[in-house]
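Work through the exercises below with the structure open. Try each task before reading its solution.

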Amino acid sequence: MEIKEYDNKKWELLVRIARMYYEEEMSQEEIARKLCCSRPYVSRLLTDAKDAGIVQVRIVPPGGYEMGIEYQLRIRGGLQKVIIVPDKGNSSRMDAVARAAVEYLESIVENGDIIGFSWGKTVYTVTNYLNQRKDLSGVTAVQLCGGISNLQNSIYSTEIARNFALAWNAIPYALMCPALVDSKEVKDVFMGDSNVKKVLEYGYEANIILITMGAYGIQNAVCRAGYLEKEQMIELIGKGAVGDICDHLINEKGEICDSKLDERTVAVPLEVLKHKKYRIGVATGQSKVECICGAIRGEIINVLVTDEETAEKVLEHL
């Protein structure tokens, strides 16, 4: 949501009304009388205060609390944690899921942690909601997989790294190389480069990963980026491809779909990712369901953050 620009007088009014309503517990009618304005105007200002971030509402369920569907999905999927955001018609599903992911991430991060991340709009949206944490030190944020060169398809990799740096004073590392190269020999050249090697080494050492599950079919980001032709993607679907995780195309069991293709993929290996302590998968939407199921079956993730509708579809498919 875009934050409106106000002059100092308007900012002062928003803060004043917010304090009267939320801290002094005055009713909207009482505020309207005190400020000589209408109650609807007060209500509108309170909405503006929320949109501007002056008022931030946080719901904190009691420790160990789970919704029924969270429990079902956690048990059936053998997951460590499931966080499901109830669907609301009046708010962005992705924004709500991103906020929930941030809340969980901030509950586990500690000084000195290395956080690996995949690229894309979903992870970028999550990091947009990171809160300022002056108490954290020595955190490193590292990109786990190569990106794309087609600027029409933004992958937000540098923006994600920068968001971690701005919010947590993390040391950011982006992997400045392609996701998929022409041959294993070319990949070996990239992997031998000192800068790429250094970033990947941090990826190997990460104890927390924040990743998303890519859509299946020709709408997959690797395909849309131009690394795979439509015909190649259709062929991979025939081999069982359901989507990608950190550029690794997987099948419904969470296994690498095409070993020859994966040999040309510049990323921290899937088997390495599967051994991280916290493996947080964030995804929403019908197009991600099969890949989410693959990630769960293959134990690639142990924490899932999603919305209610997507969770119900995942339960049906598992």
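**Exercise 1. A helix pair, from contacts to geometry**

Task: Find which residues of H5 meet which residues of H6, then describe the packing.

Solution. 
Step 1. Start with the contact. From H5 come Met94, Asp95, Ala98, Ala101 and Val102. They meet Thr122, Thr125 and Val126 in H6.
Step 2. Sort these residues by class. The contact of H5 with H6 has five nonpolar, two polar and one charged.
Step 3. Turn to the geometry. Two packed helices are described by the angle between their axes and the distance between the axes. Here H5 (residues 93–108) and H6 (residues 121–128) pack at about 65 degrees. Their axes are 8 Å apart.
Step 4. The crossing of H5 past H6 is right-handed.

A word on the source: this is a predicted model.

**Exercise 2. The chain as a whole**

Task: State how many helices and strands the protein chain has, and what share of its residues count as buried.

Solution. 
Step 1. Count the elements. The secondary structure comes to 15 helices and nine strands.
Step 2. Look at burial. The chain has 318 residues, and 48% of them count as buried.
Step 3. Look at sequence separation. Take the contacts between residues at least 6 apart in sequence; 73% of these join residues at least 24 apart.

**Exercise 3. The sheet**

Task: Give the strand order of the seven-stranded open sheet, and name its edge strands.

Solution. 
Step 1. Read across the sheet. The order is E1-E9-E8-E5-E2-E3-E4, and the pairing is parallel.
Step 2. Find the edges. Strand E1 (81–85) and strand E4 (171–173) each pair on one side only.
Step 3. Take the twist. From one strand to the next it averages 15 degrees.
Step 4. Zoom in on one pair. E2 (residues 114–117) and E3 (residues 140–143) run parallel and are joined by four bridges. Within E2, Gly116 stands opposite Val142 of E3.
Step 5. Check the faces of E2. Ile114 and Gly116 are buried on one side, and Ile115 and Phe117 are buried on the other.
Step 6. H5 lies across E1, E5 (208–211), E8 (278–282) and E9 (303–307). The helix runs at about 170 degrees to E8.

**Exercise 4. Two single residues**

Task: Is Asn251 buried or exposed? Then place Lys81 in its element.

Solution. 
Step 1. Locate Asn251. It lies in the loop between E7 (248–250) and H12 (259–262).
Step 2. Apply the cut-off. Buried means under 20% relative accessible area. Asn251 has 13%, so Asn251 is buried.
Step 3. List its contacts beyond four places in sequence. Asn251 touches Gly240, Val242, Ile256, Cys257 and Gly294.
Step 4. Move to Lys81, in strand E1. At 30% relative accessibility, Lys81 counts as partly exposed.
Step 5. List the contacts of Lys81 in the same way. They are Arg74, Tyr104, Asn302, Val303 and Leu304.
Step 6. Compare sequence with space. Lys81 and Ile280 are 199 residues apart in sequence, with their C-alpha atoms 9.0 Å apart.

How values were computed. Residues numbered from 1 in each chain as written. Predicted model: local features only at pLDDT ≥ 70, side-chain atom pairs only at ≥ 80, totals over all residues. Heavy atoms only, no water. Pairing = 2+ DSSP bridges. Helix = DSSP H or I, 4+ residues; strand = E, 2+ residues; numbered from the N terminus. Axes fitted to C-alpha atoms, helices over the stretch in contact; angles between N-to-C directions. Contact = heavy atoms within 4.5 Å. Left-handed = near helix turned anticlockwise from the far one by under 90°. Nonpolar A, V, L, I, M, F, W, Y, C, P; charged D, E, K, R; others polar. Buried < 20%, exposed > 50% of the residue type's maximum accessible area, 1.4 Å probe, protein only.
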